[in-house]
Amino acid sequence: MNKLALFFSLITGLSFGQQPTNVLFIGNSFTHMNNMPKIFEHLAQSKGKNVYADSIAVSGSTLKAHSERPSTYVKMKTRKWDYVLIQGFSREFAEDSSVILKESIPYAKILIDSVLKTSPCAQIYFYMTWGYEKGYPEQPANDTYPKMQQRIWNGYMMMSDSLHYPVIPVGMVWKNIRETHPEIDLYFTDRYHPNALGSFTAACTAFASIYKESPVGGTAPKRVDSTYWKIIEQAAANVVLKNLNQYKLNQTRVFDIKETPVMDFKVKETWLAAQFTNQTNNKGEYYWDFGDGVTSTKKNPKHYYKTSGTYTVTLHMRQNCNNFTLKKRVTVSNKVKKANQGK
């Protein structure tokens, strides 16, 4: 006789079962230098997050260039993205507000609309970059680092106010590190691209912004010098977590729940085999975790356990971009089977 005990009620959450959180970076060389998305992935995984990160990043790209490139839309369609981070050209956002309103914000909206067609549950973020080490001498308004950084900040915040999406303030964490730890060089030899520590700064800022958690204690790939990890992680935590309201990071998309589903499932156990019957009253996408490392996306799966024992079975359901979870304990045994074999 099988033993079935309910021990955890319905909850909602951000992740769908144990499937990875999918993060897409749309950017240019400031994103692809040092393969920053994979530094972010490594950091997140070291902090216990199940993450897959990818990018479509072409050097020198503005938001207009992103929106006109077919490969951008091909990448958008490769999977359901949970988070999409959009990064423009630094000098693009150091322009006057009238230029940004005309030449940048409309193309950001095109990109966002396209993302949401194929990943309607995606959370959108704007990835604020940093000023060049000595600014951009060709433009008097940007000819020093402080001037350029302030104008980039202004540009991204204006876009955030216009389109109502949060900002990941990489540039402001960069500024904090420059001011408080001048011994840490974040620039590549050209003095505007990031070196590996600069890319780690971006990864830490993205982590703190997405998860609303400190990245302190996380790790990076070997190509990132570990000497300054903790300082950079702490800077990201300080700038992001103390300014969630300013960057709209506590205003990410919330999806209405029209009707909270009543979740339930039954199990029929025969020796080590368990037939699960899903009795949830609403339709959605299902994901099962049988408690022994095996999963399934079938609505009514059958599972064979290798050994006797009590397992925590988790049924996840995604509906209208909301995730619901029900857990039960299931006990299976082969003792009776062994007794029959001895007769």
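**Aromatic rings and their setting**

Reply: Of the contacts in the chain with a separation of 6 or more, 70% are between residues 24 or more positions apart; contact means heavy atoms within 4.5 Å. The model is predicted, so local features need pLDDT of at least 70 and side-chain atom pairs count only at pLDDT 80 or more, while totals for chains, interfaces and linings use all residues. Residues are numbered from 1 along each chain as its sequence is written, and side-chain values use heavy atoms, with hydrogens and water left out.

The chain has eleven helices and 13 strands. These are DSSP runs numbered from the N terminus: helices are H or I of at least four residues, and strands are E of at least two. Along the principal axes, the C-alpha atoms fill a box of roughly 90 × 45 × 35 Å. Of the 343 residues, 50% are buried. Buried means under 20% relative accessible area, exposed means over 50%, and partly exposed is in between, using a 1.4 Å probe and protein chains only.

Now the rings. How many aromatic pairs does a search of the whole structure find? It finds 18. Rings of Phe, Tyr and Trp (its six-membered ring) pair if their centres lie within 6.5 Å; planes under 30 degrees apart count as stacked, over 60 as edge-to-face, and the rest as tilted. Tryptophan 130 and tryptophan 174 are a stacked pair because their ring planes meet at 5°, with the centres 4.0 Å apart. This pair joins distant parts of the chain, 44 residues apart. Tryptophan 130 is in the loop between strand S5 (123-127) and helix H7 (145-163), and tryptophan 174 is in helix H8 (residues 170-180). Tryptophan 130 is buried, as its relative accessible area is 0%. Tryptophan 174 also counts as buried, at 0%.

A tilted pair is formed by phenylalanine 276 and phenylalanine 290, with 5.3 Å from centre to centre and 35° between the planes. Phenylalanine 276 is in strand S8 (residues 273-278), and phenylalanine 290 is in the loop between strand S9 (285-289) and strand S10 (295-296); the two are 14 residues apart, and the pair links distant parts of the chain. Both of these phenylalanines are buried.

The two tryptophans belong to a group as well: Phe30, Trp130, Trp174 and Tyr187 form one aromatic cluster.

Rings can also lie under a charged side chain. A charge sits over a ring if NZ of Lys or CZ of Arg is within 6 Å of the ring centre and within 35 degrees of the ring normal. Arginine 79 lies over the face of tyrosine 52, 3.9 Å from the ring centre. The charged end of arginine 91 is over the ring of tyrosine 136, at 4.2 Å from its centre.

Glycine 48 follows H2 and has a positive phi, near 85°.

Serine 61 lies in the loop between strand S3 (51-57) and helix H3 (63-68), and is buried, with a relative accessible area of 1%. Leaving aside neighbours within four places in sequence, serine 61 is in contact with Gly27, Asn28, His66, Arg69, Gly88 and Phe89.

Most residues other than glycine have a negative phi. Histidine 164 has a positive phi of about 65° although it is not a glycine. Histidine 164 lies in the loop between H7 and strand S6 (167-168), and counts as exposed, at 58% relative accessibility. Lysine 248 is not a glycine either, and has a positive phi of about 60°. Lysine 248 is in the loop between helix H10 (229-241) and strand S7 (265-270). Is lysine 248 buried or exposed? At 15% relative accessibility, lysine 248 counts as buried.
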